[in-house]
Amino acid sequence: MTAGEPGFALLGSVGSRPVLGLVAPERENALLLAIIEAVSNGPAVEPMAAAVARLITDATTTDVCFVHVLDDTERSLTLAGATPPFDQQVGLIQLPIGSGVTGWVASHHEPAVIVEHKESDPRYVPIPALRGTEFTSMASVPMATEPGGLVGVLNVHTVARREFTDRDLRLLLVIGRLVAGAMHQARMHRQLAARERAHERFTEQVIAAQETERRRLAGDIHDGISQRLVSLSYHLDAVGHILRDDPNEAAVQLRVARELVDLTLDEARIAIGGLRPPVLDDLGLAGGLASLARSVPQLEVSLDLADERLPEHVEIALYRIAQECLQNITKHARASTAWVRFGTHAGTARLEVSDDGVGFEVGPNPGTGTVESGYGMQSMTERAELVGGELRVVSRPGSGTTIVATVPAGA
């Protein structure tokens, strides 16, 4: 677009400035100022998209505009802005990449124009809430930026039949490029804010879990180890008193004392294991996972483990994820067999735990977009994220569950 290029016909007003009847350079300047105002209203995606939608209908003399923005999973588009009355549908309409005209534009990164008879176009998928049958013509263009790639899709519709010209499409593409950078920054800001909120929640949960665990360990030590040591001291005192007078009774007391020592050592090992799995120091992650599998005799566990060592904090994270998985399987899955696989490839460590249990419906989590809510599942997700990785859950009722954690091997 060059200064003075004709054809940027704006109707109504931009802000408080009427623009109808301006000569071409003035129209372009008004449009540019309006775009700058629209993308300078703060980092929130929805207000920016709403302002852009209003601006585009004015700039293109169309009846409605929809601004669809790529969601955080980058697998679908969400309606983030629309002109009235469709602004009530913002946040409620989601379109998978590749589905409908909008999804086609997103996947092909090319504009699409339908002059009439939308229903006969194989790309068209009706969305009742957006009342597509009330509009005859439409144009759809990608919003993309160099550093961020695809950001979203702009759609405009007209009630009357309209032949969208190359100039119309060029104007929409120019607006899309101008808006895409700010929209990309807004998405990044939203993702960063969500991640910060998730980390704050996780920190709170970690502190609460630490306090709960400390109380549990204190209770275990007081009720178990401490009481057994007190009892042990009584038996040893008894041995001291009767050793010469009744050697047989002394031998009995010593056997009881020996049993108490063994029990106390077992409880101490369990308490230590709760704080840190010492098996990792002795056997590494593969040996630790094998030992973990043997600790659930009620479940047949098939192992495929690479003997690879990872940084200490990564091994602990993967071990705890596997531990939580096996606990969930024994408590909830009603499974007979589980599979634990671990290996590394191209700098990435991969842990997979699957079962043949009842499975469940996987629902999106606002923080991760991948797993259903629940402290155990969220804890595993955040353990993976804290070492730079991610957790993926695949499950459906009646088909078992597979949980995959992938993390950088040198994190």
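Predicted model: local features only at pLDDT ≥ 70, side-chain atom pairs only at ≥ 80, totals over all residues.
**Strand E4.** I began with residues 76-82, which form E4. Are they buried or exposed? I found seven of the seven residues buried, so I count a residue as covered here when its relative accessible area is under 20%.

**The E3 side.** I then looked at strand E3, residues 64-70, which runs antiparallel to E4 and is joined to it by five bridges. For partners in E4, I noted Leu-77 for Leu-70 and Thr-78 for Val-69. The hairpin of E3 and E4 has five residues between the strands. There I found Glu-74 with a positive phi near 60°.

**The E5 side.** Strand E5, residues 94-96, also pairs with E4 in the antiparallel sense, over three bridges. I noted Pro-96 in E5 as the bridge partner of Ser-76.

**The sheet.** In what order do the strands of the open sheet stand? I read E5-E4-E3-E8-E7-E6, six strands with antiparallel pairing. E5 and E6 (112-114) are at the edges; each has a single partner strand, so one side of each lacks a neighbour in the sheet. On average, neighbouring strands are turned by 25° against each other, direction ignored.

**The helices.** I checked which helices meet these strands. Helix H2, residues 45-60, lies across E3, E4 and E8 (149-158). H2 runs at about 145° to E3. Helix H3, residues 100-108, packs on the sheet and touches E3, E4, E5, E6, E7 (137-145) and E8. The direction of H3 makes about 35° with that of E7.

Conventions. Residues numbered from 1 in each chain as written. Heavy atoms only, no water. Buried < 20%, exposed > 50% of the residue type's maximum accessible area, 1.4 Å probe, protein only. Helix = DSSP H or I, 4+ residues; strand = E, 2+ residues; numbered from the N terminus. Pairing = 2+ DSSP bridges. Axes fitted to C-alpha atoms, helices over the stretch in contact; angles between N-to-C directions. Contact = heavy atoms within 4.5 Å.
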